[in-house]
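Visitor: Can you walk me through this one? I'd like the overall layout, then a closer look at one residue.

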Amino acid sequence: MALRAVIACRWKRISLPSDDIIAEEDKKVVTRMRWSATLSDSFMGVPPAGNRITCTVAGVARPANEKIVEHWGVTDELAMWAQMGLLPEEFLAAMG
């Protein structure tokens with residue numbers, strides 16, 4: 001199953017507002033967004049708790065001929081895992 005389908009099946013009320021969009025003529029577009037959603041089915045062994053999970057997502061896209069031909073993205077999975085309870089307490093304490 002494709003990752004997009006797995007996410008859509010397990011997460012509900014997905015929101016992805018853009019905080020920043022920076023464009024460099026016709027070369028690249030950089031975005032910084034806040035992803036938030038509610039877990040509705042078990043994910044990575046975590047049962048749904050009904051709480052909202054939020055993390056930062058950044059992306060760089062390269063357009064050509066009015067289409068996106070390349071895309072690179074980074075998700076703050078550490079923040080997501082911490083909110084889901086997947087990180088040990090001693091690890092979270094060391095992060096400060």
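**Layout and one arginine**

Guide: This is a predicted model. From the N terminus, the elements of the protein chain go α-β-β-β-β-β-α-α.

Visitor: What share of the residues is buried?

Guide: Buried residues are 20% of the 96 in the protein chain. The exposed surface comes to about 6900 Å². Carbon and sulfur atoms supply 57% of that area.

Visitor: And contacts? What fraction joins residues at least 24 apart?

Guide: 43%, among contacts between residues at least 6 apart in sequence.

Visitor: Switching to charges. How many positive and negative side chains are there?

Guide: 11 positive and 12 negative. The centres of the two sets lie 7 Å apart.

Visitor: Now Arg10. Where does Arg10 sit?

Guide: In helix H1, which covers residues 3–10.

Visitor: Why does Arg10 count as partly exposed?

Guide: Because its relative accessible area is 25%. That class lies between the 20% and 50% cut-offs.

Visitor: Which residues does Arg10 touch beyond four places away in sequence?

Guide: Thr38, Leu39, Ser40, Asp41, Ser42 and Phe43.

Visitor: Take Phe43. How far apart are Arg10 and Phe43?

Guide: 33 residues in sequence. In space, 6.8 Å from C-alpha to C-alpha.

How values were computed:
Residues numbered from 1 in each chain as written. Predicted model: local features only at pLDDT ≥ 70, side-chain atom pairs only at ≥ 80, totals over all residues. Heavy atoms only, no water. Helix = DSSP H or I, 4+ residues; strand = E, 2+ residues; numbered from the N terminus. Buried < 20%, exposed > 50% of the residue type's maximum accessible area, 1.4 Å probe, protein only. Contact = heavy atoms within 4.5 Å. Areas by Shrake-Rupley, 256 points an atom, 1.4 Å probe, with all protein chains shown as cover. Lys, Arg positive; Asp, Glu negative; His and termini not counted. Charge placed at Lys NZ, Arg CZ, Asp CG, Glu CD.
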